[in-house]
Structure formats: C-alpha cells, structure tokens
Amino acid sequence: SYMSELEWSFGEELLAFTNWLQLTDVEQAARERLALHIREIVSVLWPEAVVAVFGSSATGLALPSSAVDFVVDGLPPPTSPVQTKQCLQELHDALEAAGMKDVQTIPFAKVPIAKFFDPQTQLCGDISLHAPNARGSIALIRRYLLLHPLAKPLTLILKTLFRQNSLNLVYTGGISSYAVTLMVISYLKMVSTYRSTTDVSSATVSHAFVGFLQYFSSVSLS
C-alpha cells in the first residue's frame, strides 16, 4: 500500500542518516588524542586524579559535533562551594596554559564543569568534577542499548534535532543527551511492540520514531 511504501521510504532515510552520523575512524582517533591530552594536563595539575571519558563518547552515541565528556575522580570531596570554584579555576588556568580556547567554568551547577575548545582536534570538551554516578550511567546505557537495538538510531536522530534547534544545553533550558537517551529507552520499554524486539528494519524504525514524537507531544511531563 501507499502508506507502507511511505513508512518504508521514511525508515530508509532515517537509517541512512543514522549511518551518516556514525563517527569515522579519523573522528574517533581525534577524540582519543584529546582524551590523552586531557589526562596529561590533569595528571600534572592533580597527580592523584583519574580522568575517564563518559557520556556519549563512552556509550557510542556521540555525534560528530558532540563534545567529549570527561570526569575527574580521585580528588577529595569539596568542603564548600568556594573550594569547588577554586579547583575549577586551577583547571581553567591549566587548560588555557595547554592551548585550549574558550575555557569557561560553571562552578555552581549540580555537577561543576569546565568547558573548552581544542584547536588541535577542533573538538569541544566538558570536564566534570565530583560526578560519582558517571561510571554507573555508562554501564546502564550500554546494557539498555544491547537490550533495545532501536535505541541507538532513535537517540542519534533525536539528538541531532535537539542540537539543530538549540535545545541540547541543560543550563539554557534544554535537554541533555543522557535525558534524551533515557526518554527513548523509556518509550521502547513502555510499548510492547518494541519491548523485546531486535528488529531494526526501515519500517520498525519509522514506526518507532513517529510513535515517540506522538507520545511525548501529548503526554504531560509535569
């Protein structure tokens, strides 16, 4: 039927777009170089610290334009907001000394972070301090991606749409990449058709994408 052909065609476009969004070997290598550089910077500043990559770069859900997320573990817990601000200022200065550009800190966020741009790799990065749940969130998302293969294409497409409409920054009122991923997984777990399917065909992706938009455009999130 016409609708079946339309759904199949739309699904083919979605899958082709998802494949185009996958990081190339060159893009992945650039992220690994940046991770090595950040570890070197932090180890000089705080020898006892351990730097780990987390977020979409660790779960395979990064877009080519996604920032690389880092978490710094091994530091003593801050005793006051002033101490947190001081740590971030030290990190700010070390990043600038290492050649990073557009360095800014957000000390009073729920998870304090430093943001920067690396001119060598042309990548942005976010470094979080005192984020104890970072490693657990990686394991959680990886497990759900194995259980729900539809989650990856849907998440990549939705993240792109949010980014294109400047709705991807939490501190400006947007939705984080992690939240988008959990919304997708929640939807797939809720709908019995997708709960246990391993089908990632054109028609299934098309149906799931439209269903996701219809559901979250009508449900009250308050």
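Predicted model: local features only at pLDDT ≥ 70, side-chain atom pairs only at ≥ 80, totals over all residues.
Local features were taken only where pLDDT is at least 70 and side-chain atom pairs only at pLDDT 80 or more, whereas totals for chains, interfaces and linings use all residues. Residues are numbered from 1 along each chain as its sequence is written, and side-chain values use heavy atoms, with hydrogens and water left out.

The protein chain contains nine helices and five strands, where helices (H or I, at least four residues) and strands (E, at least two) are DSSP runs numbered from the N terminus. The order of elements from the N terminus is α-α-β-α-β-α-β-β-β-α-α-α-α-α. Along the principal axes, the C-alpha atoms of the protein chain fill a box of roughly 65 × 40 × 30 Å. Of the 222 residues, 42% are buried; buried denotes under 20% relative accessible area, exposed over 50%, and partly exposed in between (1.4 Å probe, protein chains only). Among contacts (heavy atoms within 4.5 Å) between residues at least 6 apart in sequence, 65% join residues at least 24 apart.

Nonpolar cores were defined as sets of buried Ala, Val, Leu, Ile, Met, Phe, Trp, Tyr and Cys residues joined through side-chain atoms within 4.5 Å. The largest such core holds 25 residues, of which Ile 38, Trp 46, Phe 70, Val 72, Leu 95 and Phe 116 touch the most other members. At least two residues of this core come from each of helix 2 (25–45), strand 2, helix 4 (81–97), strand 4 and strand 5. Helix 2 gives the most, with six residues. Apart from this core lies another, of 24 residues, which includes Val 180, Val 184, Tyr 194 and Phe 209. When neighbours within four places in sequence are left aside, Leu 95 is in contact with Ile 38, Ile 41, Met 100, Val 103, Ala 114, Phe 116 and Ile 127.

Helix 5 (residues 134–147) packs against helix 7 (residues 177–190) at an angle of about 40°, and their axes are 11 Å apart. Axes are lines fitted to C-alpha atoms, for helices over the stretch in contact, and angles run from 0 to 180 degrees between N-to-C directions. The crossing of helix 5 and helix 7 is left-handed, that is, the near helix is turned anticlockwise from the far one by less than a right angle. Helix 5 contributes Ser 137, Leu 140, Ile 141 and Tyr 144 to the contact, and helix 7 contributes Tyr 178, Thr 181, Leu 182, Ile 185 and Lys 189. These residues divide into six nonpolar, two polar and one charged, with Ala, Val, Leu, Ile, Met, Phe, Trp, Tyr, Cys and Pro counted as nonpolar, Asp, Glu, Lys and Arg as charged, and the others, Gly among them, as polar.

Two salt bridges were counted, under the criterion of a side-chain nitrogen of Lys or Arg within 4 Å of a carboxyl oxygen of Asp or Glu. One joins Arg 135 and Asp 73, with an N to O distance of 3.2 Å. Arg 135 lies in helix 5 and Asp 73 in strand 2 (residues 68–73), so this pair ties together parts 62 residues apart in sequence. Both side chains belong to partly exposed residues, Arg 135 at 47% relative accessible area and Asp 73 at 22%. The other joins Asp 126 and Lys 115, whose closest N and O atoms are 3.0 Å apart. Asp 126 lies in strand 5 (residues 123–129) and Lys 115 in strand 4 (residues 113–118), so the parts tied together are 11 residues apart in sequence. Asp 126 is buried at 15%, and Lys 115 is buried at 13%.

Leu 61, in the loop between helix 3 (56–59) and strand 2, is buried at 1% relative accessibility. Leaving aside neighbours within four places in sequence, its contacts are Ser 56, Ile 141, Leu 145, Lys 152, Thr 155, Leu 156, Lys 159 and Thr 181. Leu 61 and Leu 145 are 84 residues apart in sequence, with a C-alpha to C-alpha distance of 9.8 Å. Thr 204, in helix 9 (residues 202–218), is buried at 12%.

Positive phi values in residues other than glycine occur at Asp 102, near 50°, and at Gln 122, near 65°. Asp 102 is found in strand 3 (residues 101–106) and is exposed at 63%. Gln 122 lies in the loop between strand 4 and strand 5 and is exposed at 55%.
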